Amino acid sequence: MDLNNFDISAGETGVELTILDLDNKPTDIKIKVLSFHGKKGREVFMNAVKENKSAVQSTLEVMAGLTVGWSGISENGKELKFSPDEAKRIYETYPLIASQVERFAENARNFLKK
């Protein structure tokens, strides 16, 4: 088997995830995420572990660290600009979004080089 079948280098620059609503239908929310399995993902994880925070806080830190941008996110009619702190707040406040981002970032298949 050719090793290129294991190339997840797309995870180093990020891949866009479309957030699904409660009916599993695509929304306008697009979140660009780095792979948990990539070099940057491992670095973000190790930094969160070193900070010795609770498991929940560490998970939020990792997810915010893996998020590199978004579009289509608004709250109370106001568009939200991306920042790592805002990503952390969104993931803490809206666990349905957080769980989709977490599953996406953990799945290496999402980052295979095409």
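User: Why is Tyr 91 called buried?

Analyst: Tyr 91 has a relative accessible area of 2%, and buried means under 20%, with exposed over 50% and partly exposed in between (1.4 Å probe, protein chains only), so Tyr 91 is classed as buried. The model is a predicted one, in which local features need pLDDT of at least 70 and side-chain atom pairs count only at pLDDT 80 or more, while totals for chains, interfaces and linings use all residues. Residues are numbered from 1 along each chain as its sequence is written, and side-chain values use heavy atoms, with hydrogens and water left out.

User: Which residues does Tyr 91 contact, leaving aside its neighbours within four places in sequence?

Analyst: Tyr 91, which lies in helix H3, is in contact with Ile 31, Leu 60, Met 63, Ala 64, Thr 67, Ile 97, Ala 98 and Val 101. For Ala 64, which is 27 residues from Tyr 91 along the chain, the C-alpha separation is 7.9 Å.

User: Which members of the largest nonpolar core touch the most other members?

Analyst: They are Ile 31, Tyr 91, Ile 97 and Val 101, in a core of 27 residues; a nonpolar core is a set of buried Ala, Val, Leu, Ile, Met, Phe, Trp, Tyr and Cys residues joined through side-chain atoms within 4.5 Å. At least two residues of this core come from each of strand S1 (15–20), strand S2 (26–33), helix H1 (39–50), helix H2 (55–66), helix H3 (84–93) and helix H4 (95–106).

User: How many helices and strands does the protein have, and why is it described as compact as a globular protein of that length?

Analyst: The protein has four helices and five strands, following the pattern β-β-α-α-β-β-β-α-α along the sequence. Its radius of gyration is 14 Å, close to the 13 Å that the globule rule gives for 114 residues, so the protein is as compact as a globular protein of that length; the radius is taken over C-alpha atoms, and the rule is 2.2 Å times the number of residues to the power 0.38.

Definitions and conventions:
Contact means heavy atoms within 4.5 Å.
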